[in-house]
Amino acid sequence: MAKVIESLKRNYPFLAAVLVIAIWHTQMELNHDGIWFRMQLDLMSYAEFIAERYQGWSSRVFVETGLLFFSRHMAAWRVVDTAMWGFLLYGLVKFLDDKYSAPYAGVVCLLFACYQVVDLNSAGWIASIMNYLWPFTCFCGLLLILKKLFQGQGIKWQEGALGMALALLACNHEQIAAAALGGLACCIAYLIWKKREVSKWLWVYSIEVVASLIFILTCPGNKVRKAAEISLYFEEFPELTLWNKLDMGVTSLCHYCLFEKNYIFLIFLLLLCIAVWKGHAAMWKKCAAFILPIGGWLFGYLLRFVKAIIPGISNLGNPVGKSGTYSPGNPWSVATLIFYALIFITVLWELLLILKEDEASGIGLLAVLGIGFGTRFMMCFSPSIWSSGNRTFMFWQMALIIASGYLWKHYLNSSDRKKMAVVVVLLAAISLRANTRSVFLS
């Protein structure tokens, strides 16, 4: 009985989060793409549908098989999906700290609550969540196994086999497959650099991820889909230069972070600045660390109020164009690029300051954020970069949560945590109110 009570005391944040998520799920109804998937089994069998989709639209055979089933069994989906969210929260906390405390688990849950989950309704709740959150949840499970291998701990064959199944399911999504390849490459490279043994399981997972990417790249349906999306949504795509694509990839992420109420990015910036401030850098560097990124975020948020003072300055917050931010002959587009570059370079500089004082922390943060950045940046090579909406930013947001959770644990003292907790609670409350209202009113 004592162990049960102790477990409840430690895990009550997860129980509270799952309760909120379960209530939220009762308000979700089948919509958008989910309705289309529900009708397909009236026309053909599972095997016929998957074969047709593989040849004519997508390599996500596992995801879409699940969609066929759960779109017809919403009650089951609500239960399974609530469990998925709960496991994801638990997995993120365990990945950050094996010996987590209840307050720390609560912080990570609140960080997750800051995610604008309404982004996952752009193709319908069930379709977007199963296409994005479920693969990432499988990836999170794989990360827990990779963490043990990275730390030199042995794993049983059952765990290794589970990792193979998780990798297979996770890598059915293109962005996760790229993230898994990047994560494994960083892990193996670091172990080789430190002259530590590389587990055979790491090589097995690497082969599996590469095979998944080959499957994705050779899928005939993906080629058909690309051609269809160009003709339907982005006819200019074949004419874009490499610069245009790079512009779209970088500046769309900058715009999302600075002009779309990205609370997770703000929390990350605050924690990053605190980490630099607690280091041994010169005072001017500490001040610059606070002024540029935080000032930039506040400027982006308050831009609509500043435009009355400086006519035309609101152009800095304009949505990214189909060919990127830069527009020939438009000085505001150049100013916007400079603004983004200053923020981007300053954040990278702060990470390098941390790397200089703590190699392990710096490399870890750069790897996590670099992989997260890459999952969204890779969209610039796809004509669906705009039609897919903001849901493709999800993995970047998860990288920010992981980085923020790490900074919270390693760079904040008790007093700092109390002050930052107020900020996180307020932003999580604002985010939850907006997201739950969007569900209740949908």
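**Entry 1: helix H12 against helix H16**

I looked up the contact and found Leu246, Gly249, Val250, Ser252 and Leu253 of H12 meeting Phe373, Arg376 and Phe377 of H16. Contact here means heavy atoms within 4.5 Å. By class, this contact of H12 with H16 has five nonpolar, two polar and one charged residues. I noted the classes: Ala, Val, Leu, Ile, Met, Phe, Trp, Tyr, Cys and Pro count as nonpolar, Asp, Glu, Lys and Arg as charged, and the others, Gly among them, as polar.

I also noted where my values come from. This is a predicted model, in which local features need pLDDT of at least 70 and side-chain atom pairs count only at pLDDT 80 or more, while totals for chains, interfaces and linings use all residues. Residues are numbered from 1 along each chain as its sequence is written, and side-chain values use heavy atoms, with hydrogens and water left out.

Next I checked the geometry. H12 covers residues 242-259 and H16 covers residues 359-377; they pack at an angle of about 120 degrees, with their axes 9 Å apart. That makes H12 oblique to H16. The cut-offs are under 35 degrees for roughly parallel, over 145 for roughly antiparallel, 65 to 115 for roughly perpendicular, and oblique for the rest. Axes are lines fitted to C-alpha atoms, for helices over the stretch in contact, and angles run from 0 to 180 degrees between N-to-C directions. Helices are DSSP runs (H or I, at least four residues), numbered from the N terminus.

**Entry 2: helix H15 against helix H16**

How do the axes of H15 and H16 cross? H15 spans residues 331-357, and its axis comes within 5 Å of that of H16, crossing at roughly 150 degrees. So H15 is roughly antiparallel to H16. Among the residues making the contact, I listed Phe344, Leu348 and Leu351 of H15, and Leu365, Leu366 and Phe373 of H16. The residues of this contact divide into 11 nonpolar, two polar and two charged.

**Entry 3: the core**

Which residues touch the most other members of the largest nonpolar core? They are Leu120 and Phe268, in a core of 134 residues. Helix H7 (residues 125-150) gives the most to this core, with 17 residues. A nonpolar core is a set of buried Ala, Val, Leu, Ile, Met, Phe, Trp, Tyr and Cys residues joined through side-chain atoms within 4.5 Å. Buried means under 20% relative accessible area, exposed over 50%, and partly exposed in between (1.4 Å probe, protein chains only).

Leaving aside neighbours within four places in sequence, Leu120 is in contact with residues including Trp85, Trp125 and Met394.

Then I turned to Ser404, in helix H17 (residues 394-411). Is Ser404 buried or exposed? Ser404 counts as buried, at 0% relative accessibility. Its contacts beyond four places in sequence are Leu111, Ile264, Ile267, Phe268 and Leu271.

**Entry 4: two positive phi values**

Most residues other than glycine have a negative phi. I found His32 with a positive phi of about 50 degrees, although it is not a glycine. His32 is in the loop between H1 (2-25) and H2 (33-40). His32 is partly exposed, at 45% relative accessible area. Lys195 has a positive phi of about 60 degrees, and it is not a glycine either. Lys195 lies in the loop between H9 (174-193) and H10 (200-218). Lys195 is exposed, at 80%.
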